[in-house]
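Hello,

Here is the structure I promised to pass on to you. Please open it and keep it beside this email while you read.

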Amino acid sequence: MIRFTRASVAGPFFPFISGPELTMASKRDAAWMAVHHFGLGARPGELKSARDDPRGWLAAQLEGPHSGAEAALSKMPSHGVLLAEGAKSRGDKQAHRRWRRGVLEREVSARLFVAATTRRPFRERWARFFSNHLCVSATKKPILATVGAYEREAVRPHDTGRFGQLVRATTRHPAMLLYLDNQRSTGPDSPLGRRKGLGLNENLARELLELHTLGVDGGYGQHDVIALAQMLTGWTVRLPKDGEDDVLDDVFVFAPRRHQPGAKRLLDTAYPLAGVREAEAAIDVLAVHPSTARHLSTKLARHFVADAPPPEVVALLERAWLDTEGDLKAVGTALVTSDGVWDALARVGPRKLRTPEELIIAMARSAGVKASTGAEADWADRMVKACAWLGQPPLAPPSPQGWPDEAADWAAPEQVLRRVELAETVGRRLSREFLPSAEPVAWAREVLGPSLDADLQQRVARAPDRATAFALVLASPAFQWR
């Protein structure tokens, strides 16, 4: 068994901070880069499947709707069904709390298995990027049961369409409206505002401008926040009453009596009074704005390439965004097929530390997990808890900014020590339950490919038992970084 202390983290695991050095072989291995850097970690045999045409293998994953393993999520109930179910138990606080937690547990378990088993790992990472960019969070109790439905209904169906369509879908979803309190926002000059003295809530408008589209330096001012908040008045939800069991396909409603009357001016453009169409038109304009292209291209380059995104990659993605008016499939294709991106990757190497959830998904994929039954189901429960233990509870980012994905955010000494302890635990389970007959060095080659250097291979071969051998691979910088 491996024995690590806090003091040892700064020694053999110093590469957690700076990233592992690439061998010349791994710099040339595009299949390894496709599977690890753009994907979610190698399942047995996956490196071989990507070897003939790594760029084509990635680009093909953006074709069509989510399918295969992802289809498992379609079996989960809609937000309308969930809200109707929740209304039945709201009178009993303890029962309602248990119900909400149960829904969330089923959502995160299903989502974890999709990531662990999918044959389109880049598409899964792509969907998760936009889910995190346009995030809602289970930390807010009123939406705890619908955060999974939000990703399934608003993000995944639109992750290769126009960005404007994606933002429209996420903005009008009840989870987003409730998360950012827009259901209460009322135009002060609207009929309801005048009668009850109600006013604007700027939360959704501010996050739409600052986080979702233009970015904090995107060239907007407080007057633009107010104008967009006015446009969004009346975007609200019809929630079932306690004990009511009516299931609605869509609980979004536009309430004209809450809507601020008159024309609005956003970014020096006048929008005439048009009810729900005002905010929809504004979102369409924001989605193709040059500041949005720059903001999203920078985040994409930071997530998929390096913490310090190469300027030429940002410029390449920005041009694809502007040329196609925010066509996400075209932007994603440019990301995985352009020479400029691959040249940058060859220079910077694997400089992305896996977040806790990414790490746990990669461990599951390395084990070849196939179904959510028996040992796998028990394993899923433990892995979900491990995400929280490592500081990243699924579907529960701490703020509307979403989860960070830079190394500095996940490489504190305590975090690194916990990663190593998790590697020990998973190594034992792999040796007993998931890979009882696997030869550790051969398995390490399947998982790490050319990033398995001679030193690590020797340590794995000389490990006192198979559990330790597996743990050494899982705890290595070659596995922890992508």
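**Aromatic pairs and a helix contact**

This is a predicted model, and it holds 14 aromatic pairs. Let me show you two of them.

Start with phenylalanine 38 and tryptophan 342, a tilted pair with 5.6 Å from centre to centre and 50° between the planes. This pair links distant parts of the chain: phenylalanine 38 sits in helix α4 (residues 30-38) and tryptophan 342 in helix α20 (residues 339-348), 304 residues apart. Phenylalanine 38 is buried, with a relative accessible area of 0%. Tryptophan 342 is buried too, at 9%.

Next, look at phenylalanine 129 and phenylalanine 304. Their ring centres are 6.3 Å apart and their planes lie at 45°, so this pair is tilted. Here helix α9 (residues 121-133) supplies phenylalanine 129 and helix α17 (residues 290-304) supplies phenylalanine 304, and the two residues are 175 residues apart. Phenylalanine 129 has a relative accessible area of 7% and is buried; phenylalanine 304 is buried as well, at 0%.

Trp321 brings us to helix α18. The axes of α18 (residues 311-323) and α19 (residues 328-337) come within 9 Å and cross at roughly 155°, so the two helices are roughly antiparallel. On the α18 side, the contact is made by Leu316, Leu317, Ala320 and Trp321; on the α19 side, by Leu328, Val331, Ala334 and Leu335. What classes of residue does this contact of α18 with α19 have? There are 8 nonpolar residues, no polar ones and no charged ones.

Enjoy exploring!

Terms used. Residues are numbered from 1 along each chain as its sequence is written. This is a predicted model: local features need pLDDT of at least 70, side-chain atom pairs count only at pLDDT 80 or more; totals for chains, interfaces and linings use all residues. Side-chain values use heavy atoms; hydrogens and water are left out. Axes are lines fitted to C-alpha atoms, for helices over the stretch in contact, and angles run from 0 to 180 degrees between N-to-C directions. Helices (H or I, at least four residues) and strands (E, at least two) are DSSP runs, numbered from the N terminus. Angles under 35 degrees count as roughly parallel, over 145 as roughly antiparallel, 65 to 115 as roughly perpendicular and the rest as oblique. Contact means heavy atoms within 4.5 Å. Ala, Val, Leu, Ile, Met, Phe, Trp, Tyr, Cys and Pro count as nonpolar, Asp, Glu, Lys and Arg as charged, and the others, Gly among them, as polar. Rings of Phe, Tyr and Trp (its six-membered ring) pair if their centres lie within 6.5 Å; planes under 30 degrees apart count as stacked, over 60 as edge-to-face and the rest as tilted. Buried means under 20% relative accessible area, exposed over 50%, partly exposed in between (1.4 Å probe, protein chains only).
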